[in-house]
Amino acid sequence: SVFESGDTSEPALLFEEIAALRKIIDLNPSDSQALLMMADISFSQKIFKKAADFYKRYLDIEPSDKSARAAYSSALTFIGRTEEAVNELEKILTEDPKNFQARAYLAITYAHEGDNEKALLNAREALVLSPDDEGRAKIQSLIDSLTGPATAR
């Protein structure tokens with residue numbers, strides 16, 4: 001969609017997207033796609049409280065969307081609601097133990113909290129589950145930040 005691939009470096013375009021989404025949500029507060037797009041835009045702009053609010057509203061309508069639930073948990077982590085974030089991620093992993101996104105976010109959440117042991121455990125699991133090179137590189141970077149570069153091991 002245009003909202004996902006939109007060039008967010010163009011502020012005027014971004015403001016137009018937000019205004020259009022606000023109108024849609026005002027007219028239909030349970031428009032799940034508009035809520036999700038607004039959540040994603042808020043998240044990409046690092047407005048994590050708003051992102052968490054929009055993800056929550058979206059998940060009330062679409063509770064089985066694991067990807068949105070994982071993003072919601074990440075937003076919760078950034079606003080200091082770590083326990084809730086861990087609970088959300090554990091919910092996903094109970095249903096889908098091989099969910100890369102949830103495992104990676106769990107590792108990041110534990111790292112954010114300074115629990116390096118749990119962060120490392122989850123990061124290593126995420127590394128195995130990664131669907132692509134980009135995911136592996138990001139997780140390897142997290143592992144390196146927790147343990148030091150691979151050459152030092």
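Biologist: Which residues line the largest cavity, and what makes them lining residues?

Modeller: The lining consists of Ser-74, Thr-77, Phe-78, Tyr-105, Ile-108 and Thr-109. Lining residues have an atom within 4 Å of a cavity point; a cavity is a set of points, on a 1 Å grid over the protein atoms alone, where a 1.4 Å probe fits but cannot get out. Residues are numbered from 1 along each chain as its sequence is written, and side-chain values use heavy atoms, without hydrogens and water.

Biologist: What is the volume of the largest cavity?

Modeller: About 30 Å³, taken as the space filled by probe spheres set on the points, which are joined across faces, edges and corners.

Biologist: Why is Ser-42 called buried?

Modeller: Its relative accessible area is 6%, and buried means under 20% (1.4 Å probe, protein chains only), so the term applies. Ser-42 touches Ile-47, Lys-50, Ala-51 and Phe-54, leaving out residues up to four places away in sequence; a contact means heavy atoms within 4.5 Å.

Biologist: Where does pLDDT stay under 50?

Modeller: Over residues 1-8. Where pLDDT is low, the predicted coordinates should not be read in detail. For the chain, the mean pLDDT is 89, and 91% of its residues reach 70 or more.

Terms used: Predicted model: local features only at pLDDT ≥ 70, side-chain atom pairs only at ≥ 80, totals over all residues. Buried < 20%, exposed > 50% of the residue type's maximum accessible area, 1.4 Å probe, protein only. 1 Å grid on protein atoms, 1.4 Å probe; cavity = no way out; pocket = protein on both sides within 12 Å on 5 of 7 lines; lining within 4 Å. pLDDT = per-residue confidence, 0-100.
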